[in-house]
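The tour moves by selection, one stop after another.

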Amino acid sequence: MSHPQDLSLVQQAAAIASGEIDPREVLDATLDRIRERDPALRSVPVVFPEESREMLDGAPRGPLHGVPIGVKDMFRLPWRGPRDGTAREQLPPGESAVYRRLHEAGAVIVGVTNMHFWGGGSTGHVSAYGPVGNPWDPARCGGGSSGGSAAAVGARMIAGAVGVDGGGSIRLPAAYCGITGLKFTYGRIPLQGYTHEFASMDAAGPMCRDAADARLLGEVLAGAPIPAGGPSALRIGIVRDPFWTDLDPEVQRACEDALEVSGWTLQEMEITGAEHAQIAAVARLTLEGLQTIDADALADADPIMRALVKYEKLLPAELLVRADLIRARIRRALLGAFERCDAIAWPTVPAPAPAIEAPVVELPSGQHPADAPNVRQSGFGNLAGVPGISVPVGLHSTGVPIGLQLQAAWGRESVLLDAAEHLERVTERAYVDALPPVAGAPA
Amino acid sequence: MDAFEGFVRAGLDLRGIPADESDVAVMRAADAVYGPAIRRLLDADLAGAMPEVGLDPSGPPRELREA
């Protein structure tokens, strides 16, 4: 029989429920695989076999009974306080809402996943646990801030992980690692017991190999069904400026090809305020987080993060006021846009995962630190509060994946998951089933 | 010391926050990346842009939900 982590999340749940496989064997095999594959990636830096076995012993017969799940290191667990990519506990141990949802579903939390320091970057190369590697090329970034969740799923160490997305932190690493990442509508998954519970931009979500797995884990996290089977003929809004400009040519082509084979009706549109979305998102995201960083935390911080916080402390208050005006403009414009289309689409990231050694991307306009162009593609959805998904749609000539992002109106996660399943069908699952070298595919 | 360094050192000093050479170098790099977009937003004509009262990002703006 194949290794349980070569099965999808849906298949693992079904095989355990039917008695075909023993969940204790699944847990042991998962821990073995993490030990075997993770040293190159640093995606699951902390496992806790004893607590995982206790969780399994007390697991109810829910939809994820006995299935191992990874959780980003931002949520309180009864035996561990989250560290947020730092060396220090940020909250005491306890029961976060995400822990309770997973426990009630019978899931087994097998480890915490690595992340960018304070959640403050899209590359994942700054963390107290070391940089997160990419399963397609461990010398490249796994992404951030939920990079550990993405890399662990991409490397087939676990089939599902929980991420959080305040400026693209689910969608961006999902694209880098070739998995399906769904940022839910703001507030739909409760964030009690989360290190940034105060944030107005953050939403949790599932990070899985494909849309069916993301639907299953997403239903557990949201505590509600996400019915499948909506219409496959969608109207897709294409917002050229700024989201289809200054892209790596291969990324642009792969995303355009995916939309072409989808058969969906494409409709060009403009969204007022989109031209300032990147900086409005950066301002809102960073400034609302500053109040949590005290002098001790600043002194202990990674030197780059410490200097960035100092820069943020000098930004004028007027910037935040204007950022919120842009946010209001975008949210009003989006309501009208979603009367004319079912979803909007653009590349999740403008360029493939950069090297850990030098996390910069090459774009037609020149070389840029990856964060700024990445947040240009993702911060828009956080300002708006709408759900967004990244779906793998290609492989770049550098050997790492390419993701297409779709966003729908508030509460319309079902549209996104249906759309992702449609893309999987029309691409014959070529990209969701592709195996990275670390998972045994030929390099 | 150029204008940028003078600004960041004086601003941080007012807050009692120290800054060393490497802090200034990282801040200068951050300003090269984000400064132009910050200044564009600060200069943008937002006359007529109305703030959203009672922001609730879980749905569309409240004033339009009823419409």
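**Stop 1: a hairpin in chain A**

Select β14(A) and β15(A): they form a hairpin with 5 residues between them, and Gly399(A) in the turn has a positive phi of about 95 degrees. This is a predicted model, in which local features need pLDDT of at least 70, side-chain atom pairs count only at pLDDT 80 or more, and totals for chains, interfaces and linings use all residues. Residues are numbered from 1 along each chain as its sequence is written, while chains are lettered from A and ligands numbered from 1 in the order in which they are written. Helices (H or I, at least four residues) and strands (E, at least two) are DSSP runs, numbered from the N terminus.

Strand β14 (residues 388–395) runs antiparallel to β15(A), joined to it by 7 bridges; strands pair if DSSP finds at least two bridges between them. Gly388(A) stands opposite Gln407(A).

A residue is buried if 20 or more other C-beta atoms, placed from the backbone, lie within 10 Å of its own. Pro401(A), Gly403(A), Gln405(A) and Gln407(A) lie on one side, Ile402(A), Leu404(A), Leu406(A) and Ala408(A) on the other, and both faces are covered.

**Stop 2: two helices in chain A**

Select α13 (residues 317–340) and α14 (residues 371–384) of chain A. Their axes are 9 Å apart and the helices pack at an angle of about 85 degrees, which makes α13(A) roughly perpendicular to α14(A) (65 to 115 degrees counts as such). Axes are lines fitted to C-alpha atoms over the stretch in contact, with angles from 0 to 180 degrees between N-to-C directions. Arg327(A), Ile330(A), Arg331(A) and Leu334(A) in α13(A) meet Phe380(A), Leu383(A) and Ala384(A) in α14(A); contact requires C-beta atoms, placed from the backbone, within 7 Å.

**Stop 3: chain B**

Colour chain B by element: there are 3 helices and 0 strands. The C-alpha trace of chain B spans about 55 × 25 × 20 Å along its principal axes. Of its 67 residues, 12% count as buried.

Finally, select the interface, where 31 residues of chain B are in contact with 33 residues of chain A. On the chain B side, α2(B) gives the largest share, 12 residues.

Terms used: Parallel < 35°, antiparallel > 145°, perpendicular 65-115°, else oblique. Contact = placed C-beta atoms within 7 Å.
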